[in-house]
Amino acid sequence: MLAAVAFYAFSAVLIASAAMVVVARNPVHSVLFLILAFFNAAGLMLIAGGEFLAMILVIVYVGAVAVLFLFVVMMLDVDFARMREGFQRYAPVGALVGGVLLVELLFVLGSWRFAPEAPGLRLSPNPGATVGNTEALARILYTDNVLLFQAAGVILLVAMIGAIVLTLRERPGTRRQVIAAQVARAPAETVVLRQVPIGAGLKNIGILRPPPAAEEREALSEPERHGHGGGHH
Amino acid sequence: MYVGAVFFPLLGACISGFLGRWIGPIAARWSTVVCMALAAACGVPAFFDVAFGHNPATVPIAAWIATGGLEVSWALRYDTLSAVMVGMVTFVSFLIHLYSVGYMAHDPTQPRFFAYLSLFTFMMLMLVTADNLVQLFFGWEGVGLASYLLIGYWYERESANAAAIKAFVVNRVGDLFFMLGVALTFWTFGSLEFTAIFGAVDQHLGDRFLGVPALELIAVLLFLGACGKSAQIGLHTWLPDAMEGPTPVSALIHAATMVTAGVFLVARMSPLFEYAPTALAIVTVVGAATAFFAATVGCVQNDIKRVIAYSTCSQLGYMFFAAGVGAYQAAIFHLFTHAFFKALLFLGAGSVIHAMSDEQDIRKMGGIWTRVPVTYAVMWVGSLALAGIPIFAGYYSKDAILEAAFASHSATGMLAFLLGLVAAFLTAFYSWRLLILVFHGAPRADEHVMAHVHESPLVMLVPLLLLAAGAVLTGYLFAPFFIGHAWEEFWAGSIHNAPHNHILHDMHEVPAWVPLAPTVAGFTGIALAYVLYMFAPGVPERLAATFRGFYLFLLNKWYFDELYDAIFVRPALAIARIAFRVGDQRIIDGVPNGAAALAVDAARGAVRIQTGRVASYAFTMIIGLVLFVSLLYLGTTR
Amino acid sequence: MMNWTLALPEAALACAGLAILGAGVLPRRHDMFFPISMAVIGALVLAGVLVLGQGDGAALAGQYVSDAFARFSKVLVLIGAALALTLALDFNQTDRDLARFEYPVLILFAAIGMMLMVSANDLMTLYLGLELQSLAAYVLAAFNRDSERSAEAGLKYFVLGALASGLLLYGMSLVYGFVGTTSFDRLAEALTAEHAASLGLVTALVFVLAGLAFKISAVPFHMWAPDVYEGAPTPVTAFFASAPKLAAVALLTRVLTQPFGELSAQWGQVLWLVSAGSMILGAFAAIGQRNIKRLMAYSSIGNVGYALIGLVAAASADPAVRSEGVRALLFYMAIYLLMTIGAFAVLAAMRRRGRPVEEIEDLAGLARSDIGMAVWMLVFMFAMAGVPPLAGFWSKLFVFRAAIEGGYVWLAVIGVLTSVVAAYYYVRIVRVMFFDAPGAAGALDARPASLTVVMAATGLFTALFSVAPGPLLAAAQAAVAAIAG
């Protein structure tokens, strides 16, 4: 009884927030609704007995993906007016094609029939009940589908290489922190102790400066070591 | 011997083509000439051995393609038909190589020329000795390629390029039909070997393809292919333009050998054509029409080589209608004699052009016969042979063809006979028009040119004289074997005549006036030419002025080129332009229609990531998908 | 059950890829492109040797299969990848952005993806292999990141590729929904006559077809190809036009003939239209092109159309015609692969004072400045035009023959007619090279040795194929026996 109430509550909020993701005018609101939807989906997973998936959903999707989305949406200046313009231009033909496709997919739905064993397979998070949900998932992932798992890993590696290749640039003149150089600095290299005569002003002794030109040149010619202690002198 | 005749030219081509740069032009050209001499030394004895020694042979070279269902091997087939061609091709080609040594002496890229010429000879020999349709097709395309290269040999000339492309494209149209014919042959017979095909004709007499008798369809397709190569009416337009190539090329390829490949093909496939009466009727009509059409056009052309080119076209028409009425032997006989006298005429014309400092317009010649006596004499011999004057070679073969057409007793045969007779008259007329305008009358060239008129060097005259001997003698010597009483023994079954085909017998029993008619027509033509051009030189101009429309009609070659331009070339260009517009203009010339924001982007020179376009691409994909799904739904519910 | 040693070539290549990636990253130097390229070529050759020694059988829970068909395709894929990388050796070194060691590494991972594609025995393996290859390809297209055209090509390819992948996945999920399995073997068992023609499955099939047709750039899913081919750096275009296309065609062949063999009546019709459309578009749209890479894009669309004729014939009811069709298809793709790479080698050599040039007019007078390159290009162009006795003639002949034997006469007629049209623009290039006067911009730069090697290798194959066509035909025959026997 309680489970049923929880199910309908989670489901209702899930559907409502999913609708809001699409409808909301402000993209930040959309992402926030998305996070809400993830939480409710996780709740549904828990009710169904898939505790592992529920946790993954919260940790990965809410904790990482959705927050990343949020950053991206906030950083990008998405121009909705222009997007709508494109939408209106293609709306008639889009509607026509979409309509035909919808009708065809309804035909597909019409020819749908459930296998006799399907109801029995619903909601069985622990197949055979000999192992737990997590272990069952692990077997599928790491044993049955090891090829697919590895291939997916390679795909992610390629995606990473691609992201680095296309975006990482070594611009000349940028200053980056080189921790080793910072740590290795001795006080003698950076601090000069001078005796200042009493009563002498800057006019008398002048300003002691490090040789900045040489420092800069070194930084430019050796990108690996440039800028050590930047801003400290 | 058999192998040598075919492969020596290839050797020569390789030496000249690949090593020409190192061994120099003189060594390159003589190496090809020597190789051709060796080939002729193999080919001519091979002809006598096979044809008179009754010693046909098939020389296997290598298995070529062997894969499920299609087995093709390289082999040289030497029966009488092949041997006749091999002997003729190697001999004529040798003479033309020799002649070229003189004619091309001042050309800067001789190794290239001789390599092409030898390559062509090899391909032609491959064609005539083919043992199966694939090998024949290989040679067929090979001679087309060599012809393309040689027509465009002087590639600095825009007209030579255009002519080369035209020849290539028109030949491709013919080849398309030829390929379909080969495909259908394979479909019907399950083999491409001649022996297998000819042996199985009996079993496939009743086969039908798309409701049409298969044999008829094959024959028609192959004939259309032959039309392209042999410049028959409709696909003839490339041949006159091909005269852009050097004159020896015109002599070898566009007179003596390659253009006769179509005739050879019909003769080679005679076992099939014999059972395709409709196809034969088409061959007859097309051949006769070409003979007549080309002869009329030849009467008004002013370029010396084009006159001879149209004459070639016309003579090829004779050969085809001879084959069409079943007298394949007569067709091959005419092919054989024609090779000699037409090569002679072309080389003579080359000699004239050489003498006139590269002038080709006969209106700017005249009065040079005393200055170039040998050329003048051989041109007479060639013209006499072409016009079919008794004892010259053309007399025997052309008479035989017209007799055969008369003896066939069919409507198409009679049509061919009449058109052939008129064409014979026209042939004599334009030949003598050419002779008189070129050699007689008052000189019409400027003094500078006239001062340089000179006889050609010996290396050019020797081939001329040898060919002249051929033009006189081949008819008389070989007539008894090719078409006379000994023909059955001579051909030894290499050309098939169906049991119902008695044409070679009947053609000797025609009424007495029939053999006389062509001779009379020839003499009348010569006489008319003398009257009009020698004795009353003003008359032709007045005639041209009086019948201006008719004259222009002939001068413009019956407007074939203009017709093709309107029917094929312009629409093709239009389609290309439309495809270009639809497919590309938006990308090259501008931004997507209506995407104002993007236009601003482009103007700013910003990163042109044209989202508008990506969307339209995506739409295309989705529309394609929906179309396919709908198509299958309609198919399923129906 | 696992039998993972069967997948040794892929495993070895992946390990080599990781090692090479490390070797490229760790030295922290900028001149790693050449040594890493050499290492990748070595790894590809090693994988090729391992492929030749591979046995028959299914492995890894039936998701991976090794048979003669897969091996035939893999060897060609590896050859294509290695040659495409060789093309880049010199080209990339002229540009600091292109000469980064990630380039060969991405080609290596794309090769793994392609090998998985042709060995896929499960819809999921198919998808992952395809994505691995595609993802590497997207990055490669945009590799010259400072060039707007390259970046645009990469983005366009990525967006449209994502759409195609979406269609593919949707189709696959429908298949799973209707049949309850993604394994090819069990799909083939389940799709017997009673299941076969249900509307749902037919729809799913069309979605899968659409996704795969995008990868081989067949009409109407071809729109990306001209833009991407033009925008991507020339060696990348060469790669796109060769190995991935072959892998995708092989994959399509396996999917259609094995699990969906019972639906051949349906996919046969769709492919008929796709093939005819590709041939027609490829022939006509190329005529007006001025950019030679764009022209090659349309040419490759047309070529896919011809290859698909073989697959249409494989939809026939007659088993002899089926195997004939598949054989013609494999044969066609093998020859196409080498011809294309050769032609692109010439394109990659088109540089003037170090800068790549891409207009057809830039080839004017090539015969006078570099006769060797002009002759190789002539060989490739004539071969693509189907002039005998060059290799391209045989490949066309075989597909047309398969079509005629399967009764698809009209398709063969369209093919012959469009190849006549296509001959026009191939011959036009030859004309420009041999007969046009050189332009004012001067002659092209001397070609580097690596490109000469590629041109000579592929050119000799193309020109002399007729001398000994036996081995390739025999290999194709063996490959066919494995899937359409």
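**Reading the chain interfaces**

A: Let's start with one contact, which takes 36 residues from chain C and 30 residues from chain A, where contact means heavy atoms within 4.5 Å. This is a predicted model, in which local features need pLDDT of at least 70, side-chain atom pairs count only at pLDDT 80 or more, and totals for chains, interfaces and linings use all residues. Residues are numbered from 1 along each chain as its sequence is written, chains are lettered from A in the order in which they are written, and side-chain values use heavy atoms, leaving out hydrogens and water.

Q: What area is buried between chain C and chain A?

A: Buried area is the accessible area (1.4 Å probe) that two parts lose on being put together, summed over both. Here that comes to about 2700 Å², with carbon and sulfur atoms giving 77%. Leu128(C), Arg145(C) and Phe178(C) supply 19% of what chain C buries against chain A, more than any other three residues.

Q: How many salt bridges are there between chain C and chain A?

A: A salt bridge is a side-chain nitrogen of Lys or Arg within 4 Å of a carboxyl oxygen of Asp or Glu. Between chain C and chain A the count is zero.

Q: And which residues of chain B lose the most area to chain C?

A: For that pair, 53 residues of chain B are in contact with 62 residues of chain C. The buried area is about 5400 Å², 76% of it from carbon and sulfur atoms. Met621(B), Phe628(B) and Leu632(B) lose the most, together 13% of what the chain B side buries. Zero salt bridges are found across this interface too.
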